[in-house]
Amino acid sequence: MSPCKNTSSPRASQLELPHSPSNVAKTDSNCGSGLKTAKALWTSSFPPKSQFSTDQIPDLTGRVVIVTGGNAGVGKETVKALLEHDAKVYMGCRSKSKAEVAMKELKEATGKDAIFLELDLSSLESVKCAAQEFLSKENELHILFLNAGVMFPPIEQLTQDGYDLQFGINVVGHHLLTKLLLPALWAGKESSPDGHARIMTTSSDGAYYFTINWDSFKDGPVRKKLGTQKMYFQSKFANVVVARELARRYGPQGIISNACHPGHLKTDLQRHVPAWQTKIIEKAMLYPASNGALTQLWGGTMPETLQYNGEVWQPSHTYSAIMMLTYQT
């Protein structure tokens, strides 16, 4: 990627992430043990058959969409469904070669072309360049799927800006991208047939298992002691926090923000999980990536979801009351 203008990376303080420890501390009891939490976790692991299919998605002609991580797994299935309904779709991906393979396959499947947007969420400079590239081509953005993510990488791995890799990619990079694209989202709201723009964040039921440790965002003994699993759970909890904060800030003005747990899926996300563990859980509870795309497609495209700003869904678009309670102001 050629250098973009003003490429100095923003400081964490400039990202305006929700950062009040008192707010997050209130969530411990809501995310703790109990029958409701157990029931929600059971539902997320063994979801009911969906009443929604991609055939129900309305015509998306004229809608401009970004899907991060759109070259594989849930992201690719999301792009496929959007193309089938005539949306103009940008795939935010780090690897151009992998994106080109995916775009060729999507073209063969749908007859439509996705558009590559170079985006490395582990680099805030790359995020800035991607936003500038998009805004140089489009004035409007109608739907933003914050789908890309990483799970359980070696604890030694950090982003280019020194953040824990999972927190940096799953949370910080996505938050900066959203902030930089707000002008296009506001414009998209004005031109959208339903008068709204939408932000759909892919979280996980891992959000139940941890909240926030404020000393673990960058490398140090606290982060290493927590380990890669808790760092993943923290990032997924933070996805819910940020999604609900965006809903609070911008929902009344027409930018709807939601999060979802896509389900336990057979995707490349498990690449850092030991093979023997993957084989066990694959037989017990892993579903195809196309199943996981349904929840975020429902939330990102269907008219009835406009009334649910700030809420969080389980697989098969089952509303999750427990996950909704993860952030209370």
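Colleague: Is Cys 93 buried or exposed in this model?

Modeller: The model is predicted. Cys 93 has a relative accessibility of 2% and counts as buried. Cys 260 is buried as well, with a relative accessible area of 0%.

Colleague: How many disulfides are there?

Modeller: A disulfide is a covalent bond between the sulfur atoms of two cysteines. Here the count comes to zero disulfides, taking a pair of cysteine sulfur atoms within 2.5 Å as the criterion.

Colleague: Which residues are in contact with Asn 71, leaving aside its neighbours within four places in sequence?

Modeller: Cys 93 is one of them, and the others are Lys 76, Met 91, Lys 98, Ala 99 and Ala 102. Asn 71 sits in the loop between strand 1 (64-68) and helix 3. Its relative accessibility is 22%, so Asn 71 counts as partly exposed. Asn 71 and Gly 92 are 21 residues apart in sequence, and their C-alpha atoms are 8.2 Å apart in space.

Colleague: Where does Asp 86 lie, in terms of helices and strands?

Modeller: Asp 86 belongs to the loop between helix 3 (73-84) and strand 2 (88-93). Its phi is near 70 degrees, which is a positive value in a residue other than glycine. With a relative accessible area of 36%, Asp 86 is partly exposed.

Colleague: What is the phi of Phe 152?

Modeller: Phe 152 is not a glycine either, yet its phi is positive, at about 55 degrees. The residue is found in the loop between strand 4 (143-146) and helix 6. Phe 152 has a relative accessible area of 17% and is buried, the cut-off for buried being under 20%.

Colleague: How should I read the packing of two helices?

Modeller: Two packed helices are described by the angle between their axes and the distance between the axes. Helix 6 (residues 165-180) packs on helix 7 (residues 182-191) at an angle of about 55 degrees, and the axes are 4 Å apart. The two helices, helix 6 and helix 7, are therefore oblique to each other.

Colleague: Which residues meet there?

Modeller: Helix 6 contributes Thr 178, Lys 179 and Leu 180, which meet Leu 182, Pro 183 and Leu 185 of helix 7.

Colleague: What about helix 8: how far apart are its end C-alpha atoms?

Modeller: They are only 37 Å apart, although helix 8 (residues 221-250) has 30 residues. A straight helix would reach 44 Å at 1.5 Å a residue. Helix 8 bends at Gly 227, by about 100 degrees.

Colleague: How many residues of helix 8 are buried?

Modeller: The number is 21 of the 30, so helix 8 is largely enclosed by the rest of the structure.

Definitions and conventions: Residues numbered from 1 in each chain as written. Predicted model: local features only at pLDDT ≥ 70, side-chain atom pairs only at ≥ 80, totals over all residues. Heavy atoms only, no water. Buried < 20%, exposed > 50% of the residue type's maximum accessible area, 1.4 Å probe, protein only. Expected span 1.5 Å × (residues − 1). Bend = angle between axes of the 7 residues up to and from the residue. Axes fitted to C-alpha atoms, helices over the stretch in contact; angles between N-to-C directions. Parallel < 35°, antiparallel > 145°, perpendicular 65-115°, else oblique. Contact = heavy atoms within 4.5 Å.
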